[in-house]
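Subject: Structure handover

Hello,

Here is the structure you asked about. My notes on what was found follow below it.

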Amino acid sequence: MRKSWEEYFMDLAHNVAARGTCDRAYVGCVIVNNENRIVSTGYNGSIAGNPHCDEIGHTMRDGHCIATIHAEMNALLYCAKEGIAVKGCYCYVTHFPCLNCTKALIQAGISKIYYHEGYRIDDYAIELLNRNNIEYIQI
């Protein structure tokens, strides 16, 4: 049986997560336009060219690894670097976005978020998504 687009892109997000270099959470993100074409992908990892957590350990502050760029941010930052518009695109992410990633996705113009795991869902992130009429759907 043929997979739905939602299942297909979420499976891809899980495959992207396998590239992650911070073992605190393997998160993958796939940004897709309204024609079901992949615009960008991202995973949790250090700044390009810098040592990764899986090589040197974590740089912890307030219970978070600050060396890691989140998957959603990596996907958005690639688009920013290459001049790729994401307005109206959908985001498929393995874990519900943290508050900062939620704000970035909203500001970038992402119109819908699909997520697999409801990990540390922030009440204010939910409030912002609702206020900005952005659907968030667990798959």
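A crossover between two strands is called right-handed if, with the strands pointing away from the viewer, the path from the first strand over the helix to the second runs clockwise. In this predicted model, strand E5, helix H4 (residues 99-108) and strand E6 make a β-α-β unit of that right-handed kind.

Overall fold

The chain contains five helices and seven strands. Their order along the sequence is α-β-β-α-β-β-α-β-α-β-α-β. The radius of gyration is 14 Å, close to the 14 Å that the globule rule gives for 139 residues, so the chain is as compact as a globular protein of that length. Along the principal axes, the C-alpha atoms fill a box of roughly 40 × 35 × 35 Å. Of the 139 residues, 37% are buried. Among contacts with a separation of 6 or more, 54% are between residues 24 or more positions apart.

Strand E5 and its neighbours

Which strands pair with E5? Strand E1 (residues 28-32) runs antiparallel to E5 and is joined to it by four bridges. Within that pairing, Ile31 stands opposite Cys91. Strand E6 (residues 112-117) pairs with E5 in the parallel sense, over five bridges. Here Tyr92 has Tyr114 in E6 as its bridge partner.

Is E5 largely enclosed or largely open? Five of the six residues of E5 (residues 90-95) are buried, so this strand is largely enclosed by the rest of the structure. In a regular strand the side chains alternate between the two faces of the sheet.

Two asparagines with positive phi

Asn36 has a phi near 60°, a positive value in a residue other than glycine. Asn36 sits in the loop between E1 and strand E2 (38-43).

Asn133 has a relative accessible area of 69% and is exposed.

Ser46

Ser46 belongs to the loop between E2 and helix H2 (53-56). Is Ser46 buried or exposed? At 10% relative accessibility, Ser46 is buried, because the cut-off for that class is under 20%. A polar atom of the Ser46 side chain lies 2.9 Å from the backbone oxygen of Pro51. Leaving aside residues up to four places away in sequence, Ser46 touches Thr21, Pro51, His52, Cys53 and Ala67.

Asp23

Asp23 is in the loop between helix H1 (5-17) and E1. Its relative accessible area is 48%, which makes Asp23 partly exposed. What does the side chain of Asp23 make a polar contact with? The partner is the side chain of His58, at 2.7 Å. Asp23 and Gly42 are 19 residues apart along the chain, and their C-alpha atoms are separated by 15 Å.

Regards

Technical notes. Residues are numbered from 1 along each chain as its sequence is written. This is a predicted model: local features need pLDDT of at least 70, side-chain atom pairs count only at pLDDT 80 or more; totals for chains, interfaces and linings use all residues. Side-chain values use heavy atoms; hydrogens and water are left out. Buried means under 20% relative accessible area, exposed over 50%, partly exposed in between (1.4 Å probe, protein chains only). Two strands pair if DSSP finds at least two bridges between them. The radius of gyration is taken over C-alpha atoms; the globule rule is 2.2 Å times the number of residues to the power 0.38. Contact means heavy atoms within 4.5 Å. A polar contact is a pair of N or O atoms within 3.5 Å; within protein, one must be able to donate a hydrogen and the other to accept it, and residues adjacent in sequence count only if both atoms are side-chain atoms.
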